[in-house]
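I am opening my notebook on a structure that is new to me. These entries keep track of what I looked up.

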Amino acid sequence: MAVPEEEAAARLPPGRVFQLPTDLEHLWDGLDDIGLGLRWLSEVKRADMHLELGGPKWDYKMFSIFYIEEDPGKVKDGEVRLIGPDIPEVAPGTSLPGGFTIRIYGEELTPGHQGYVSRQIGTALQGLEGFMLFGTPDSLWIRINKDVANKLTFAKISQFCYATAKTLVPQIDAVAFFWAVGAPEIGGVEALAPLFAWAKEKYKIVSAKELYDDEDVDTFYGCTICKSLAPNHACVLTPSALPYCGIIGYDSAKVTAELDPEGYVFTIPKGECLDHEAGHYRGVDEAVYEKSNHLVKRVSIYSSVKYPTTNCGCFEAASFYIPEVDGIGLAMRRYTRMTPLGIKFSSLAGMISGGAQNHGFKGLSIAGMASKNFLRGDGGWNRIVWMPSDLKRDIADVIPEEVYDKIVTEEETVDALELKELLRKKGHPIVKMFWKNSEPQPLKLPLAGEDWPEQ
Amino acid sequence: MKEKRIAHVGSLEVDISEVVRDPRGHEDEIVEIMENDFVEGRHSNFGGWITLLPDAADIAELDYALLSRYPPLYTDPEGVCTDCGLGPCNLEDGQGKCGLDMEALQGRLSLRKACRGCMTQMVASRQLLDYALKRWPEATPVSMGEILSISDHAPAISVLSGIHVKTIKDLNRVLTYGEGQLAKLFQASYSGTGTAVNFESMVLHAGSVLLLAMGVAEMLKISCYGFISAANQQLDGIEQFPPATLSCGWASIESGKPVVAFVGDDFLPAWCAVDQMKQDALTEKIEICGLGATGDDIVRFYDRGRIIGPAVRAPKAIRNGLFDVVVISPGCVPLDLLSEAERAESKAIWVGHNGSGDLPDSTDQPIDRIVDRLAGGEKAVWIRDPEKAGKVALQVALRVKRGAPRIISDADAMKQAKGHKHDCDLCTMVCPVGLPVSRAVRQLSGGDWTGFFEVEKGCNFCGKCEQACPSQVHLRDIIVAAERKGAGNDKFVMRPGRGPISITELLQSAFAVGWGSIPAMVTIFGCGDAHRDEIAWIASELLNGGCMVFVAGCAGAEVARSFNQAKKKHLFQQYNATCASRNIVNCGSCSAICHAVPMYLMLRPSGGIPLFGNLPPLGDSISLGGAQTIILWGALPDRMYAAAAAWARLGSTIIVGPASSLGWKRYLVGNRYDRSKWWVRHGETGKRREVEPVKEHMVVPVETKEEALTMLARSVLNVRDYRESRLTHLEVLIDYCERFYQQLPEDWWLAVRSDFELPPRYRRHMVSLLESEHGWETEGVKVNKARHRDGRMMTMSEFAANYGMEQGIYCTRLRSLLPLRLRDTAED
């Protein structure tokens, strides 16, 4: 039974098949002559290049699809199929389009493992001697240095990936590899066209699997890695709420909790939803209470103003309540000038770090600003009134068009009173949605750790 | 009775007398610190304490915790004490008349060495400060830079003193405090009667005082003397700041121009000279060079300055005979540079505050007269006024026309080499850095200079070979001749020192360090007392291995010479210069040592730990959880002894090598086999918990560059390692051991808390060894049961609860750093 990528490559020559060692004791056999590990991170200049796959010359026509196959019959363990020339067989300086797939089967594997394992392999590949890897899975740029041209083969690269995957995720039962290298003798880039088309579709399906929402899951995850420094702090990870360190996503958290039950990631049964807009869940409250030395009783995942999650201190950005306009400002670490609070980001970061619950303030990751739940409990983008111009430009595509021009930056003012006038003048949505009679109605924030008055 | 002063820490109202033992006279400052730098979350958990202008004893709890794990190990001990008139006492026979025992005497001597090191910097900082007080009003504002936050102050000063420095007057205040501390420590080093550990605690304090003095110097340099500072830059583009375009080395000196060289610690004469050159449009006409700290300083305010080499190699450099005028100030090590200048027919100006030889003091003579004297044939003068010294140097340089440098001829060198005693190896045997001198002599007798080219790179001109030579071969002249032969190619490009590291910049890589994507933050110090290729090799290896590297002092120019033939670039041209993986930051001269070990700064934002009068939590935290290590490679001067103590107290491991490690006589080493030493207090229960013997040593010697890297990998394993960082740190350690010694480190298994932390490519092998050699129960790549060091078999969750810290739980070695609710009740 043919596998999908082979079907897509049906018009190409059948190529060659290699068999990798699959016995746990011999996974790494034969890799001794290739440097492995961090210090081998490579940048391969054109002059040093033996083979290039994809990259700007080919408009990045080089894909890598990593997917979990449900049919065990379609994954022959340790098989490497190569269509086209191998690395030592091309002339030095060759540049070609191509692609590879890593097909995995495991009785106990879930789609959640996919992101985890592909990241582990991607990271591992950064530490392969003479091997340069840039780009995203659907548009890669690979270069192989002349120094390793006679000892590195596609089978060896596959073996390295295989051994890494099998070691890190024991639930994997079988892995198979498919490489297509678009040399002229197999028909060049044109011959690969059906394969590229297949890969494009497959990539959409594969990556779409990761896009589920907080409502779709029953379990969130928590992380207490920073508690060694911020003793009361616990992060909550949901499909839409990335931790501001950006190190671990929901899927990775899930796999990590499963693979390493003694580790720092733990499961949070989300329990009853108490406030949908603000992201307030009973299960989350209970877990955070336990992990915060019983100091934080309640958190709202999508709010910066009321019961925000706590912060350790290494967040790359933060939101802050500006009472003069009853709105929320954003700033990031690289912004070194003043904010409308009259303090710089560094002081702001200092104020709200350490694991205390500071109503009105929240540490953020810049990537997290793209979430549809971003500060939803506070009014989302309709409540964002100020941000540094650099940040605004960087994330322009996630800011709703109707608000974009109305958000004030430091180029206009960093003075809260001037800000008020500007918002009024620009007709920022906050004026109608939150202000009364064109005047802001400042909230009196409770002190850190205290509750809001019952409404 | 004075009224109670209250500070608002977030929503808390705190009486300042609860956080400072005696706040009198400092009330406003304390309120300001508490209201700006205390974090409510931390304060309500841990309380707060500011050790304001502390004595050593005020911080001793931290010191004793460190020293109980890393007790002093003395080599080559002194047996007789002659410190007072009651002696001498032979302590090998028992206690002396004051009750001192032999080990305590070693502690005294160790403290004396640290004080000497601290003192050299203290004098230099005082010199700068006194001159600044003459030139600028004492209310002149000072800072490390205007744009980037260094937590808004100078941590090297504030962490010890608790003072927020804002003006020159404040600097005077903190330096006066430092001088007072130094006096107390010196007194103890002669008449103290404590234990060795007691003295070593004071050694650590001498280190902290040294950092304070360095901080004062750096702040003055940036605020008053126009030195470049990274904190005056925007973050964008900082990876190329300052640009790697500074030309240094012998071949960077433009021939035909007069050359003035400045040597030592005091850059003021050079600063005054450059000021004068700019006024008189002389910058194109005179070449300005520097050796040692002054060289590293000059290039921070004068982009045409040239660094020639470290201070310890100044005698060799002067004998090259290329300098028309040499301006000599006291430095980190005493050297007879006046004789070398005379030998090379260079005019010398001594600018020390005390005399040198029998030179009369010419400070009050008119400039013209001094210039006439030097131009007329006098060899050297003593001028204590930096402005006058600078002017005289320039005028003399323009008037004196010197011929070609006097270098031993090839024929003479070969003749001497031929006259050597065959089969004699004395020169090699006495060489403190183990250079193959005798082989070089044999080669030269056949006309081959190769051996001497190699010897020259490692030689710091101590002259021991020459003294030992029974054939009276003028080895140092030959070594200088070898250097001159290569001088035409001795040109390298580097970044000048950039001054401080900002917290903002550092935080960009905080997670990468925490998660092990950056295996280590490594700082390299060195004073030229080692083969310079070795220090460059170490730096390159670390950079290739993904580390974040910092250098300060003479090490900067030493590593800068490294040239990558394939890339056709010098080291600083190959790498960016910010706080990130594969970046190398040159902080500046010796005083910039106070910037170059920045990991503790991360604790302010991440843990809310204020950086004012607050050493214990910083030292405790880094010693348990910091992947920051210092390599001191070829660092002979006592100043480095004190600098090592300073950073050890702030939790870093210090690796000392190669040859200078023999001269240190005192190390602070751990013992992995003594399980009683390896414990922490659990932050949620207060109970003691056995942990892995990681961060095994505090100050430890190594002999080879390979050992240095292996020890480095060992030193970054730490109790608070996250899963991922433990994996990286183990992988780096195993890689080095496999590469250099073709074996696994013998104790690797003691660092295993979970199979999850074993590097993938070694995991199966390691798991099988855990079963076959250590009796663990395993299956494939998984560990099912672990055997505790006490012999008990445990499930992995039991093991996690009994060995090492659980992931993400606060821990400490100090009772005073437990959360308030546990502090009084935690068991001993």
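Before using any labels, I note what they stand for: helices (H or I, at least four residues) and strands (E, at least two) are DSSP runs, numbered from the N terminus. I also note that this is a predicted model.

**Entry 1: two cis peptide bonds in chain B**

I started with the loops. Pro658(B) sits in the loop between strand S20 (653-657) and strand S21 (666-669) of chain B. Its bond to Gly657(B) is a cis peptide bond, with omega at about -15 degrees.

**Entry 2: a positive phi in chain A**

Next I checked a backbone angle. Asp59(A) is not a glycine, yet its phi is positive, at about 55 degrees. I find Asp59(A) in the loop between strand S2 (49-54) and S3 of chain A.

**Entry 3: the sheet of chain A**

Five strands of chain A form an open sheet in the order S1-S4-S9-S6-S3, with mixed pairing. Which strands stand at the edges? They are strand S1 (16-19) and strand S3 (62-68) of chain A. Each has a single partner strand, so one side of each is left without a neighbour in the sheet.

I then picked out one pair. Strand S6 (residues 98-105) and strand S9 (residues 174-181) of chain A pair in the antiparallel sense, over eight bridges. Ile104(A) has Val175(A) in S9(A) standing opposite.

A helix lies across this sheet. H3(A) lies across S1, strand S4 (79-83), S6 and S9 of chain A. The helix runs at about 150 degrees to S9(A).

**Entry 4: where chain A meets chain B**

I turned to the two chains. The contact takes 47 residues of chain A and 53 residues of chain B. On the side of chain A, helix H3 (154-168) and helix H8 (345-352) each supply at least two residues. Which element gives the most to this side? H3(A) does, with four residues. So far, then, I have H3(A) both across the sheet and in the contact with chain B. By class, I list 24 nonpolar, 15 polar and eight charged residues on the side of chain A that touches chain B.

**Entry 5: domains of chain A**

I looked up the domain assignment next. Chain A has domain 1 (4-208) and domain 2 (214-433). Their C-alpha centres lie 38 Å apart. The contact takes four residues from domain 1 of chain A and five residues from domain 2 of chain A. The domain 1 side has one nonpolar, three polar and no charged residues.

**Entry 6: domains of chain B**

The assignment for chain B gives domain 1 (1-50), domain 2 (53-229), domain 3 (245-399), domain 4 (410-473) and domain 5 (495-741). I followed domain 1 and domain 5 of chain B, whose C-alpha centres are 34 Å apart. Seven residues of domain 1 of chain B and six residues of domain 5 of chain B make the contact. Helix H1 (27-37) and helix H2 (40-46) of chain B each supply at least two residues of the domain 1 side. That side has four nonpolar, one polar and two charged residues.

**Entry 7: two helix pairs in chain B**

The axes of helix H16 (residues 437-445) and helix H17 (residues 450-458) of chain B come within 7 Å and cross at roughly 150 degrees. H16(B) and H17(B) are therefore roughly antiparallel to each other. The crossing is left-handed. Among the residues in contact are Val437(B) and Leu444(B) of H16(B), and Phe452(B) and Val455(B) of H17(B). By class, this contact has five nonpolar, three polar and one charged residues.

The second pair is helix H4 (residues 102-135) and helix H27 (residues 638-649) of chain B. Their axes are 7 Å apart, at an angle of about 100 degrees. That makes H4(B) roughly perpendicular to H27(B). The contact includes Lys113(B) and Arg116(B) of H4(B), and Asp638(B) and Arg639(B) of H27(B). I divide the residues of this contact into six nonpolar, three polar and four charged.

How values were computed: Residues numbered from 1 in each chain as written. Chains lettered and ligands numbered in written order. Predicted model: local features only at pLDDT ≥ 70, side-chain atom pairs only at ≥ 80, totals over all residues. Domains from an automatic or database assignment. Contact = placed C-beta atoms within 7 Å. Nonpolar A, V, L, I, M, F, W, Y, C, P; charged D, E, K, R; others polar. Axes fitted to C-alpha atoms, helices over the stretch in contact; angles between N-to-C directions. Parallel < 35°, antiparallel > 145°, perpendicular 65-115°, else oblique. Left-handed = near helix turned anticlockwise from the far one by under 90°. Pairing = 2+ DSSP bridges.
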